[in-house]
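Here is a short note for someone opening this entry for the first time. Please keep the structure in view while reading.

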Amino acid sequence: MSKRGAFVVIEGLDRSGKSTQAATLIKRLQESNVPSKLIKFPDRTTPIGKLIDSYLRSETELDDHAIHLLFSANRWEVASSIVKDLENGTTVICDRYAFSGIAFSASKVDPSSKPVDTSTSDGSSVAPTHSTRPPLLPYSWCRAPDVSLPAPDLTLFLDILPHIASQRAGYGGERYENQEHQERVRELFSRIAEEVEAEGVGRWVVLDGGLELKEVEEAIWREVKEALRGGDDGELGSVKRLWD
Ligand code: 2DT
Ligand code: MG
């Protein structure tokens, strides 16, 4: 078998620079003659993707469970083609993946729910915020539909503070693009990172998304070159599956 390609996922909050960096990375790979391909989730071009797109633009309302499953189905639509590409030696760069799926859904709260506990030590109470309300969907439920998807060899998490991201151009147009929700999404990503590291499903690397573009680009390039080299024996081995 020829050397397989690496599966590299770029994750982060909205406006953390993922799409810009993914585009630069694919250009560098191609200039280095590494067979590679860029994919993105949600893929809004498929029939399922069109439903997701309409939901994200707030043109339609969908039950929170249903939209979560659609996001996962949108990955399953191409899961076998990802594996095929990797096995044929193509490196796959993926802009968002199942980790966004879990983080964005498990961070949802019911705005009309009773806050967990907003009382302070002196007995007064503070206004309930997003983070004091109970989750709408259990974390384990959010993770379940993505179990057995191809696992990335490397996940690059572009970390940015929500208030910094909110000042970047193009922010705020779609559902979920508000600071309170993004704060909670960032917390969920930390939990996912711990789990990925504990279970050894590929490497999870946190990069400072607040740095200059060029600095982030170089940091990404170093990590990707390392990933392409494979393990100690110079092999990436067979494609692993998420969480199993
Ligand atoms: P973009 O801005 O990158 O197009 O993402 N999302 C994404 C989910 O809620 N679940 C998922 O599984 C994925 C992949 C994150 C659009 C928004 O969709 C959210 C932001
Ligand atoms: Mg967006």
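The points below go from the ligand to the helices and then to the strands.

1. This is a predicted model. Please read each point with that in mind.

2. Start at ligand 1. The residues around ligand 1 are Asp 14, Phe 41, Pro 42, Leu 56, Phe 71, Arg 96, Ser 100, Gly 101, Phe 104, Ser 105 and Tyr 176. By class, this shell has six nonpolar, three polar and two charged residues.

3. Helix α4 spans residues 98-106. The largest share of the shell around ligand 1 comes from α4, with four residues.

4. Next, look at how α4 packs with helix α3, residues 64-87. The angle is about 175°, and the axes are 10 Å apart. Because an angle over 145 degrees counts as roughly antiparallel, α3 is roughly antiparallel to α4.

5. On the α3 side, the contact is made by Asp 64, His 68, Phe 71, Ser 72 and Arg 75. From α4 come Ala 98, Gly 101 and Ser 105. The classes here are two nonpolar, four polar and two charged residues. Phe 71 of α3 is in this contact and is also listed around ligand 1.

6. Now turn to strand β3, residues 91-95. Is β3 covered or open? Mostly covered: five of its five residues are buried. Thr 91, Ile 93 and Asp 95 point one way, while Val 92 and Cys 94 point the other way.

7. Strand β1, residues 7-12, runs parallel to β3 and is joined to it by four bridges. Strand β2, residues 36-40, also runs parallel to β3, with five bridges. Val 92 in β3 has Phe 7 opposite it, and Lys 37 stands opposite Val 92 as well.

Conventions. Residues numbered from 1 in each chain as written. Chains lettered and ligands numbered in written order. Predicted model: local features only at pLDDT ≥ 70, side-chain atom pairs only at ≥ 80, totals over all residues. Near = placed C-beta within 6 Å. Helix = DSSP H or I, 4+ residues; strand = E, 2+ residues; numbered from the N terminus. Nonpolar A, V, L, I, M, F, W, Y, C, P; charged D, E, K, R; others polar. Axes fitted to C-alpha atoms, helices over the stretch in contact; angles between N-to-C directions. Parallel < 35°, antiparallel > 145°, perpendicular 65-115°, else oblique. Contact = placed C-beta atoms within 7 Å. Buried ≥ 20, exposed ≤ 12 C-beta atoms within 10 Å, placed from the backbone. Pairing = 2+ DSSP bridges.
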